[in-house]
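Work through the exercises below with the structure in view. Each task is followed by a solution in steps.

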Amino acid sequence: MSPVLFVVIPCYNEEAVLPETRKRLADKLDRMTKGGVISPDSRVLMVDDGSRDKTWQLIEDFYQQDKRFGGIKLAHNRGHQHALLAGLMTANGHCDCAISMDADLQDDIEVMDQFIQKYQEGCEVVYGVRKKRTTDTAFKRNTAQAFYKFMNKMGAKVVYNHADYRLLGSRALEALSEYREVNLFLRGIVPDIGYKTAVVYYDRAERFAGESKYPLSKMIGLAVDGITSFSIRPLETIVKAGALISFLCILALIASLILAICHVGFSGWMALVASIWLIGGIVMTSVGIVGIYVGKAYGESKHRPRWHIEEQLLDTGEEKNS
């Protein structure tokens, strides 16, 4: 029996690209349905993450023209990860599997057949992984590679060259619903779910239209969120740095005593000032890192809703049982 597929797409100010996204996905769904790869009850769910342009108006138009294209409108901007999770949790219970992707058409939708094939072979999680990064600038390519290496080195296990193009089966979606943290980093949460996984490699295209929603500043923020959500290694590094500085200070004191005993004088004001600045910088950085962890714990402790859905357009048919 062909599975019911939901394609979940978070959208933020994507009016320039959405008409083409809808056109290509409609054609892809038609071909997959005719080929028996997916059920005719399959849907596309676009999540408007508080856009300031005509994104929601376009989603409403798509729904009126083709009931396969649904949408949910968040009451305000909650960020890419929350919008994506809101879409996945809306799809949970209505589908056999869900594929998440961005609206910019950089992810190759032609490999969706391979995603479904891996799912039918028993894989609950299928990662879309880029073969190469030739479409990126040298700066983007190098910073992205550094991002994945740094994340893994700091203890946040992520799949190399994988963003958010992935398939989750109904069991994986149900497991994901049990993760209640406010500080979301789905690239780290999904590998933590477990279950049988597979990888589908694809070539990533250039963005069809609009601007990237992940400049360097947001990549750095994403890295900080991922590391502090899944690892205490930065705190361990602070302890090790403190121990090392204490050891060096003891050596400096011993050296000073020896020089004093030997009546050897020297002018050490520059070294003293430099050491004060160094230690002051380390202390401020350490306090900042601890502050990030405290802030995250504070956010989690309030148990506030992660999002509110203002409007929903979704023709689901008969609800599926996971």
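**Exercise 1.** Find which residues of H1 meet which residues of H4, and sort them by class.

Solution. The model is a predicted one. Start on the H1 side, where the residues in contact are Leu25, Lys28 and Met32. On the H4 side, their partners are Met112, Asp113 and Ile116. Next, sort the residues of this contact: four are nonpolar, none is polar and two are charged.

**Exercise 2.** Determine how the axes of H1 and H4 are placed, and name the class of their angle.

Solution. Helix H4 spans residues 112-120, and its axis comes within 11 Å of the axis of H1. The two axes cross at roughly 45°. Because an angle counts as roughly parallel under 35 degrees and as roughly perpendicular from 65 to 115, H1 is oblique to H4. The crossing in which H1 passes H4 is right-handed.

**Exercise 3.** List the residues through which H1 and H2 meet, and give their classes.

Solution. H1 contributes Leu18, Pro19 and Arg22. These meet Thr55, Leu58, Ile59, Phe62 and Gln65 of H2. Sorted by class, the contact holds five nonpolar residues, two polar ones and one charged one.

**Exercise 4.** Describe the second largest pocket: what is its volume, and which residues are closest to its centre?

Solution. The volume of the second largest pocket is about 270 Å³. Its lining is made up of 15 residues, and those closest to the centre are Phe150, Met154, Ile227, Pro234 and Ile289. Now look at the elements: two or more lining residues come from each of helix H8 (216-230), helix H9 (233-261) and helix H10 (269-301).

**Exercise 5.** Which helix gives the most to the lining of the second largest pocket, and how does that lining divide by class?

Solution. H8 gives the most, with five residues.

Conventions. Residues are numbered from 1 along each chain as its sequence is written. This is a predicted model: local features need pLDDT of at least 70, side-chain atom pairs count only at pLDDT 80 or more; totals for chains, interfaces and linings use all residues. Side-chain values use heavy atoms; hydrogens and water are left out. On a 1 Å grid over the protein atoms alone, a cavity is a set of points where a 1.4 Å probe fits but cannot get out, and a pocket is an open set with protein on both sides within 12 Å along at least five of seven lines; lining residues have an atom within 4 Å of a point. Grid points are joined across faces, edges and corners, and a volume is the space filled by probe spheres set on the points. Helices (H or I, at least four residues) and strands (E, at least two) are DSSP runs, numbered from the N terminus. Contact means heavy atoms within 4.5 Å. Ala, Val, Leu, Ile, Met, Phe, Trp, Tyr, Cys and Pro count as nonpolar, Asp, Glu, Lys and Arg as charged, and the others, Gly among them, as polar. Axes are lines fitted to C-alpha atoms, for helices over the stretch in contact, and angles run from 0 to 180 degrees between N-to-C directions. Angles under 35 degrees count as roughly parallel, over 145 as roughly antiparallel, 65 to 115 as roughly perpendicular and the rest as oblique. A crossing is left-handed if the near helix is turned anticlockwise from the far one by less than a right angle, and right-handed if clockwise.
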